[in-house]
Amino acid sequence: MSKTLRSVAIAIIISIFTIIGPEYFNFIVVSHVYADELPHLKNIYFSEGKDIEFLEDVYSYIVDVDKDTDEAFIKAKPDDSLDTVRIDGKVVTKDDNYKENIALKKGKNTIKIEVEDEKTGISSEYKVYVYRGGQEAVYLQDININSTTIGFVEETNFYNIELDDGTNSVELETRPIEGKYSIAVNGKLLDKTNSITLKFKGIGKYTLNIGVKDEDTQRLGAYTLNIYLGIPVTPNIADSINAALKPNQWIIVNGRWKYNDVLGNYLKNTWFYDDKLKAYFHFNNRGNMQTDWMEDGGNWYYLGTNGMMQTGWVYYEGEWYYLDSQGVMRTGWIEDNNNWYYLRRDGSMATGWIVNKDNWYYIDSHGVMQTGWLYYGRKWYLIDSSGVMNTRWIKVDNEWYYFNDDGSMKSGEWLYDNGNWYYINYAGTMRRGWLYKDDKYYYLNEDGSMRTSSRTIDGYTYYFNEDGSVNFNY
């Protein structure tokens, strides 16, 4: 991507002169100079979540990762290799591929990337906001009532709280995490103390909707508090008695599906196979049939909107996932119908270029790993049979090709490698024999190396200059 010119006017006071004359006239001479072009990155790569669509003049990005992703790595390559790159204050270099490992906490993680021009000292700063837990992972640090915690957990957004009869008011305190946040309770924006006095009008149920807005990214989080004043939080006794009278069947209690065993008790914390529906279902510790994504025994399952355990490919919120015959969400490499696919840590199917165990692979738009010759971005690449992108010398059909460190094939240019010069044809093949280039003749040996010492060819002895060109003065 070509650089975007940016000029920053800096007013510098060059000198101040005080001239004391007949009029006692004072004046200041001010001059303007212009800073060099701001340094910037060439790209940013984050190992988890969706790929970052990098633009050199966009300085902040948002990445969503799975809530169980506790570590990742980030690469930030400068547009100018002489510039210095710091990730969270630590210098990263070409030797380590401008890479830094990142430990992720729950919710929002801010990664600061600075690129500094070595000549001018001018720097630019990029920020990558990583949300561990996805778009809704906008969390508070704590919620207190009268300086006592409600048993707060960041990712739990629903709470039932009992208060004694006779309570007229309480102080609700919300504690945001570090950063810029605005908080509202039932639509009322809180002041800088992030607290509000709640007043009650007698026994009953009071619902508080707490909204959290991250001012850096404009993302929203939400918590709901149901306060039961003078009344207990209890199950519906009538529904519980009714459920016990219906063994071995599906029932609905308080709007949730449950299944009663032979004794009429809810199935809880267990899988259940329904012979009629030919599907597995799972019930939580309250006996409710679960839907959507669910974790059990360290594995993830997708139960769909009807509660049935899914297998095979599943399309969910714009991403493809693969669930094996046991319903377990797969990650990493999988083979399906003689094609290889790569699934990220969150289970989503990868496309485009990916790096895995320091090897590069290309995945097409259907998720299929590619092999063989690949034309991408007006450049040719060669992918081996295992899907790994080749670099350096590769022999194909008795012809030698050379691939740069980024995997792109060299063509129509000289190459200096391991102390020898080589010429790569426009077709990418290594040149042998005579070469006429830039009004000079060169001779390339059988191994492709440029000839610099004399050699007899077709009965005639040729002499060569130090640059490899034929010396016709002998």
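Start by selecting W434, which is partly exposed, with a relative accessible area of 32%. The model on screen is a predicted one. W434 belongs to strand β38, which runs over residues 433-437.

Together with W434 they make up a nonpolar patch on the surface, and the accessible area of the four comes to about 460 Å².

Now leave the surface. In soluble globular proteins, nonpolar side chains tend to be buried together. The largest nonpolar core here has 29 residues; select I143, L172, I210, Y223 and L225, the members that touch the most others in it. Several strands give two or more residues to this core, among them β10 (123-132), β11 (140-145), β14 (169-176) and β17 (195-199). The most comes from β19, which gives 4 residues.

Keep I210 selected and show its surroundings. Leaving aside residues up to four places away in sequence, I210 touches L140, I143, L172, T174, I183, A184, V185, G221, A222, Y223 and L225.

Finally, switch to a cartoon view and select β13, β15, β16, β18 and β19. These 5 strands form an open sheet with mixed pairing, in the order β13-β19-β18-β15-β16. At the edges are β13 and β16 (188-189), each pairing on one side only. Zoom in on β13 and β19, which pair in the parallel sense over 6 bridges. Here N160 can be found opposite N226 of β19.

Note on methods. Residues are numbered from 1 along each chain as its sequence is written. This is a predicted model: local features need pLDDT of at least 70, side-chain atom pairs count only at pLDDT 80 or more; totals for chains, interfaces and linings use all residues. Side-chain values use heavy atoms; hydrogens and water are left out. Patches are made of residues with over 30% relative accessible area and no salt bridge: like charges are joined within 9 Å, nonpolar side chains (Val, Leu, Ile, Met, Phe, Trp, Tyr) within 5 Å. Accessible areas come from the Shrake-Rupley method with a 1.4 Å probe; for residues, only the protein chains shown count as cover. A salt bridge is a side-chain nitrogen of Lys or Arg within 4 Å of a carboxyl oxygen of Asp or Glu. Buried means under 20% relative accessible area, exposed over 50%, partly exposed in between (1.4 Å probe, protein chains only). A nonpolar core is a set of buried Ala, Val, Leu, Ile, Met, Phe, Trp, Tyr and Cys residues joined through side-chain atoms within 4.5 Å. Contact means heavy atoms within 4.5 Å. Two strands pair if DSSP finds at least two bridges between them.
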